[in-house]
Amino acid sequence: MGGRVSAATAVAGTVLQIKPLLHVDEQGKLESTENARGRKKAMKAQFSKMEQGWRPDISRLVFIGHGDNPEGAAQLKKMVLDRFNDADIYTADIGPVIGAHTGPGMLALIYWGSNR
C-alpha cells in the first residue's frame, strides 16, 4: 500500500485534524515519525526539526513542496526566512507520485541537515 492508511484511519485523522509527519528512511521506505494535531502544529514541528539539524555550511538550499497548498507553503517560507534569512528557498508543487501518498494540502520542508 506504499505507506497509505486505511479508510477508517483517514476519516478519523481528517475529523481530528491529525497531520502525520512523514520521513523517507535510509532504505527509501516512507514512514510516519510523529503526528501533530492541526496544520500550525505540524508546520511548527517541521520547522523545529530544521532548526535542530539544518546545515547551511553544506548547502543553504531549502525546498518547500506543497500539494495544492500555496498559502501553507508561503507561511512555511516566512517561518524559515524569519529565522534563517540567508536560506535560498525554492517552492514548487508536489507531483502525482508523492501526492498519491500524501493527498492534497501536504507540505514538505527539505534541506541538507544532520538529523536523518
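Which residues do ring pairs link into a cluster? Select Phe47, Trp54 and Phe84, and you have that cluster on screen.

Before going further, a word on the ground rules. This is a predicted model, in which local features need pLDDT of at least 70 and side-chain atom pairs count only at pLDDT 80 or more, while totals for chains, interfaces and linings use all residues. Residues are numbered from 1 along each chain as its sequence is written, and side-chain values use heavy atoms, with hydrogens and water left out.

**Stop 1: the rings**

A search of the whole structure finds 2 aromatic pairs. Rings of Phe, Tyr and Trp (its six-membered ring) pair if their centres lie within 6.5 Å; planes under 30 degrees apart count as stacked, over 60 as edge-to-face and the rest as tilted. Zoom in on Phe47 and Phe84: their pair is tilted, with 6.1 Å centre to centre and 50° between the planes. Phe47 sits in helix α2 (residues 39-53) and Phe84 in the loop between α3 (70-83) and β4 (88-93), so this pair links distant parts of the chain, 37 residues apart. Helices (H or I, at least four residues) and strands (E, at least two) are DSSP runs, numbered from the N terminus.

Buried means under 20% relative accessible area, exposed over 50%, and partly exposed in between (1.4 Å probe, protein chains only).

**Stop 2: the core**

Now select Met50, Trp54, Val62, Val80, Phe84, Ala87 and Leu109. Of the 15 residues in the largest nonpolar core, these touch the most other members. Such a core is a set of buried Ala, Val, Leu, Ile, Met, Phe, Trp, Tyr and Cys residues joined through side-chain atoms within 4.5 Å. Colour α2, β3 (61-66), α3 and β5 (107-111), since each supplies at least two residues of this core. In soluble globular proteins, nonpolar side chains tend to be buried together.

Centre the view on Val62. Leaving out residues up to four places away in sequence, Val62 touches several residues, including Met50, Trp54, Ile89 and Tyr111; contact means heavy atoms within 4.5 Å.

**Stop 3: the salt bridges**

How many salt bridges does the structure hold? There are 5, each a side-chain nitrogen of Lys or Arg within 4 Å of a carboxyl oxygen of Asp or Glu.

- Select Glu34 and Lys49: their closest N and O atoms are 3.2 Å apart. Glu34 is in strand β2 (residues 30-37) and Lys49 in helix α2, 15 residues apart.
- Select Asp88 and Arg60: here the closest N and O atoms are 3.3 Å apart. Asp88 lies in strand β4 and Arg60 in the loop between α2 and β3, so the pair ties together parts that are 28 residues apart in sequence.
- Select Asp82 and Lys78: this salt bridge is 2.7 Å, N to O. The two are 4 residues apart in helix α3, so about one helical turn separates them. Asp82 is exposed at 58% relative accessible area, and Lys78 is exposed at 51%.
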